[in-house]
Amino acid sequence: MNSITTENLSVAYEEKLVVDELDLNIPKGRVTSIIGPNGCGKSTVLKTIGRIMKPKNGMVYLNGKDISDLSTKEIARKMAILPQSPQAPSGLTVGELVAYGRYPHQKGFGVLKPEDRKVIEWALEVTKLSDLETTAVDNMSGGQRQRVWIAMALAQQTDLILLDEPTTYLDMSYQLEVLELLYRLNREQNCTIAMVLHDLNLAARFSDHMIAIRGGNIMKYGTPEEVMTAEVLKKTFRVHAEIVTDPRSGRPACISYDLIRDEGDSV
């Protein structure tokens, strides 16, 4: 069963067509990574799925329902989306930001109820932020801030979380920290995760499914073993890649690559 399905999805920035008649499936209860070169439409697809952008043509279905028929609050109860490098209002504490995740479930003046506070405490505990609840988000490291945003998404209690390059600007340890958290949430909470990633090896290591996109079109969809091949990376990124099996994860990994050059070009 798929959590998200698109049919003939086309998206444009003014007159420039970025995604053209895309048919895409994000399986329910799994981790999916979208990979591809800069400007290929990865983030555009994610924003359109999350209804941040309006498609030019085509349909987006969330759990089998046309997303255009759902209210904003109804979508927020079913799906959380974290854009690239989100910014919190200055001076906001961890607990205050995470509490924003309860907005889709509130009525009237939005006063937090005991059940809301229980969910917030749970989200802080799962993301290992309970001891930092009163800390200003401004004073946190990049990896910690990403955990706060993920905690806010968890407080929404959605079955689906979309993330646009959640590891951007993070060093190696923080990248692993964030991706291990997302992987654990999927395994323990059965939360569907779909994310755009630039690091192919991290995508292969932490994903059940990968979608390779170029020019707004799917080059390949499948398991990491099916997508992380020299042939697929050649079509998607225009590189000659050497792929091996990562001894730690047992997943495919790219250890080296060269540009594909036109005949006659010098190296």
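**Entry 1: what covers helix 5**

I looked up what covers the buried residues of helix 5, and the cover includes strand 6 (79–82), helix 3 (94–99), helix 4 (114–126), strand 7 (160–164) and helix 6. I worked on a predicted model, in which local features need pLDDT of at least 70, side-chain atom pairs count only at pLDDT 80 or more, and totals for chains, interfaces and linings use all residues. Residues are numbered from 1 along each chain as its sequence is written, and side-chain values use heavy atoms, with hydrogens and water left out. Helices (H or I, at least four residues) and strands (E, at least two) are DSSP runs, numbered from the N terminus.

I then asked how many residues of helix 5 are buried. Eleven of the 14 are, so helix 5 is largely enclosed by the rest of the structure. Buried means under 20% relative accessible area, exposed over 50%, and partly exposed in between (1.4 Å probe, protein chains only). Among the buried ones I noted Gly143, Trp149, Ile150, Met152 and Leu154.

Helix 5 reaches 20 Å from its first C-alpha to its last, close to the 20 Å expected at 1.5 Å a residue. The expected span is 1.5 Å times one less than the number of residues. After helix 5 comes glutamine 157, with a positive phi near 55°.

**Entry 2: helix 5 against helix 6**

Two packed helices are described by the angle between their axes and the distance between the axes. I found that helix 5 (residues 142–155) and helix 6 (residues 172–189) pack at about 20°, with axes 9 Å apart. That makes helix 5 roughly parallel to helix 6. Angles under 35 degrees count as roughly parallel. Axes are lines fitted to C-alpha atoms, for helices over the stretch in contact, and angles run from 0 to 180 degrees between N-to-C directions.

Which residues make the contact? From helix 5 I listed Gly143, Gln146, Arg147, Ile150 and Leu154. From helix 6 I listed Tyr174, Glu177, Val178, Leu181, Leu182 and Leu185. Contact means heavy atoms within 4.5 Å. By class, the contact has seven nonpolar, two polar and two charged residues. Ala, Val, Leu, Ile, Met, Phe, Trp, Tyr, Cys and Pro count as nonpolar, Asp, Glu, Lys and Arg as charged, and the others, Gly among them, as polar.

**Entry 3: positive phi elsewhere**

Asparagine 8 is not a glycine, yet I found a positive phi of about 50° there. It sits in strand 1 (residues 2–13) and is partly exposed at 45% relative accessible area. Lysine 128 has a phi near 60°, also positive in a residue other than glycine. Lysine 128 lies in the loop between helix 4 and helix 5 and counts as exposed at 63% relative accessibility.

**Entry 4: single residues**

Is threonine 48 buried or exposed? At 2% relative accessibility, threonine 48 counts as buried. Threonine 48 lies in helix 1 (residues 42–49). Leaving aside neighbours within four places in sequence, threonine 48 is in contact with Leu9, Val11, Met53, Pro55 and Val60.

Threonine 245 is in strand 11 (residues 239–245) and counts as exposed at 55% relative accessibility. Not counting residues up to four places away in sequence, threonine 245 touches Gly250, Arg251 and Pro252.

Last, I looked at tyrosine 169, which lies in the loop between strand 7 and helix 6. Tyrosine 169 counts as exposed at 72% relative accessibility.

Technical notes: Angles under 35 degrees count as roughly parallel, over 145 as roughly antiparallel, 65 to 115 as roughly perpendicular and the rest as oblique.
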